[in-house]
Amino acid sequence: MYPRWLWPTFAAPGVIWLILLFLVPFYAVIGVAFGSVDPILGFAVPAWNPANWNTGWVTQVLGELAPGGIYWDVAVRTIEYVVISLAGCALIGYPVAYYIARHAGRTKTLLLILLILPFWISYLMRMLAWVNLLAPDGYVNRFLIWSHVLTSPYGFLDGQSSTVIWALIYGYIPYFILPLYASLDRIDRSYLEAARDLGASPFRAFLHITLPLSKTGLLGGAVLIALPMFGDYYTPNIVSGAPTTSMIGNQIDLYFHGGPQPTIGAAITIILSTFLLILMGYYLWTIHKATKELRSI
Amino acid sequence: MSESAVSAPQSKQSFSLWQRVSGWVVNPWGRPRFLVLITWAYMVWAIVPVIIAVQFSFNDGRSRTVWQGFSTQWYWSNPDSIWNNAELRDALVHSLTLAAWDVLIAVPLGVTLALGLARWRSRGSGGANFLMLFPLVTPEIVMGVSLLLLFTQLPPFTHIHTGGLAQVLGHVTFSISYVVVIVRGRMFSIGREYEEAAADLGASPGVALWKVLLPLLMPAIVASAAIVFAISIDDFVISQWLSSGPSTTTVPMEIYDATRAAPTPATNAIATVMVIVTLTSVVAGFLVWRAFTRGQHGAKQSTMRDFAAFDV
């Protein structure tokens, strides 16, 4: 009933916008990373023509990311922080999502509202909250001294890896729980009843039915929070600020906002994006599949 | 093993406190109570620190960690309060202005893109779909770096340079996808029947689009406007990378700088204002959505779900 040209015309402004302000900017990063640096003034001289690309900076950064290089420690630390935070999110998040999806009953709506609430509280506010709590005379230290766990205030904010990981878990766990909840909520209970009728223990039923069927939600949630965590620099800066807890994002931030060396910053950004492209691809593919199913209904 | 079997009969009275607590928690026949405990403990952990931070915005002293009585001085009267400190006030105004521009540009762009992507079937539509989803999963620092280099290095974009305009362009770029996802979800759920009925009754394509489809999409459009407003207010990374200095500082940037320097309860106060603005906008969006979709098929269960599932 609609003319054929109508829908592409509707899509055009948005698509053009995204090409100009999402795709072309990547070309800007490539141009700078594969460009050169002015030998006297030190500013970036981008190379927009692929024929003039100079791979020197990118290969140099890659070399420094290898064992023994100056970014090796940061890269390893970033992966450690992300992996430990993901494990923490899964350990806390799975029982919560499972309970809300299966057993919450009349409290389900209330719990869902509480679950969504942190989404709409600014990330910076939630970090500020912990900076207040973990300060030397904050509630956490005063409670620990009151209960005789500590005798003097502990410097939670003085560059502790554990504080950074704690903050990462706190910051990102809402984004992990929600997709997990959605996938657990979708599971058809008749599968579980069948398993129980056939003699499976509750634990076996969980292991063979619930866990495999929630795999997409688990992996989707993990990828969804791993991506921003790999690019995070503000969380370590807010709750620690020490170079001993800096992540790869801090390194990029430093090359742009510290002593500006955009060429190296751009080179690290390109390497990071290439690495993350695998995760992004996986996630987009699952969304794409889900959208296709929606369309086919 | 045998000992426990022997002692079982008289153990009715002699349950220790620990046994009673652990028995209540891991009761295999009733509701899984240890899940209840974990869930509520998680909720307290997730929400209470923020409530404490809000509480300290009303502190009657300069401390954000020691309670010295109730006062609203960090909102109004103190020279460093939101009202009197020009830096904080400007940041608040700038954040709100940025969010308003973001809504005004991103919502129309997103709605038309959603219409196009939901119905357009040809080569190219798959690629456009993928392109639309990418900003949702790209780490913000990557978008920040690339937009910064675009506006400072690549002609002719260098005319824009960093600053308020660059921030608006950046915010719209990450907001469009949210609008598309929400509006397209609504399109899938209402189907084509209403428009086809209108066409059968003699409506031209323009009328079917304007008088039938658009009103049906209204709840999604309002909801996406509310959500775009909220994510724009809360955004830190893109605003920071595209800022050109104090005149383009947003509230999250103020909080970030303050936590690293010497914050006063005024920081908590402005963060509280930001939380209130965000929550008000989202709740208003939710109420409008519910009012519009009331009485529609399956509305009751799906309202919450549709609204919760905005991010996939």
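The mean pLDDT of chain A is 90, and 98% of its residues reach 70 or more; pLDDT is the predictor's confidence in each residue, from 0 to 100. Within chain A, confidence is lowest in helix α13 (residues 262-296), with a mean of 84, and highest in helix α3 (residues 72-102), at 95. This is a predicted model, in which local features need pLDDT of at least 70 and side-chain atom pairs count only at pLDDT 80 or more, while totals for chains, interfaces and linings use all residues. Residues are numbered from 1 along each chain as its sequence is written, and chains are lettered from A and ligands numbered from 1 in the order in which they are written.

Chain A holds 13 helices and two strands. Helices (H or I, at least four residues) and strands (E, at least two) are DSSP runs, numbered from the N terminus. Along the principal axes, the C-alpha atoms of chain A fill a box of roughly 75 × 75 × 35 Å. Of its 297 residues, 43% count as buried. A residue is buried if 20 or more other C-beta atoms lie within 10 Å of its own, exposed if 12 or fewer, and partly exposed in between, with C-beta atoms placed from the backbone.

Chain B has 13 helices and zero strands. Of the 312 residues in chain B, 44% are buried. Two residues are in contact if their C-beta atoms, placed from the backbone, lie within 7 Å. Among contacts with a separation of 6 or more, residues 24 or more positions apart account for 64% in chain A and for 69% in chain B.

The two chains touch: 83 residues of chain A are in contact with 74 residues of chain B. On the chain A side, helix α1 (residues 6-33) gives the most, with 18 residues. By class, that side has 66 nonpolar, 14 polar and three charged residues. Here Ala, Val, Leu, Ile, Met, Phe, Trp, Tyr, Cys and Pro count as nonpolar, Asp, Glu, Lys and Arg as charged, and the others, Gly among them, as polar.

Inside chain A, all twelve residues of helix α5 are buried, so this helix is largely enclosed by the rest of the structure. The buried residues include A:Arg126, A:Trp130 and A:Asn132. Helix α5 (residues 123-134) of chain A should span 16 Å at 1.5 Å a residue, and its end C-alpha atoms are 17 Å apart, which agrees. The expected span is 1.5 Å times one less than the number of residues.

Most residues other than glycine have a negative phi, and most peptide bonds are trans. A:His148 is not a glycine, yet has a positive phi of about 65 degrees. A:His148 lies in the loop between α6 (139-146) and α7 (161-186) of chain A, and counts as exposed because it has 7 C-beta neighbours inside 10 Å.

In chain B, the loop between α6 and α7 contains B:His161, whose phi is near 55 degrees, a positive value in a residue other than glycine. B:His161 is exposed, with 12 other C-beta atoms within 10 Å. B:Pro156 is in the loop between α6 (140-153) and α7 (164-190) of chain B, and a cis peptide bond with omega of about 5 degrees joins B:Pro155 to B:Pro156.
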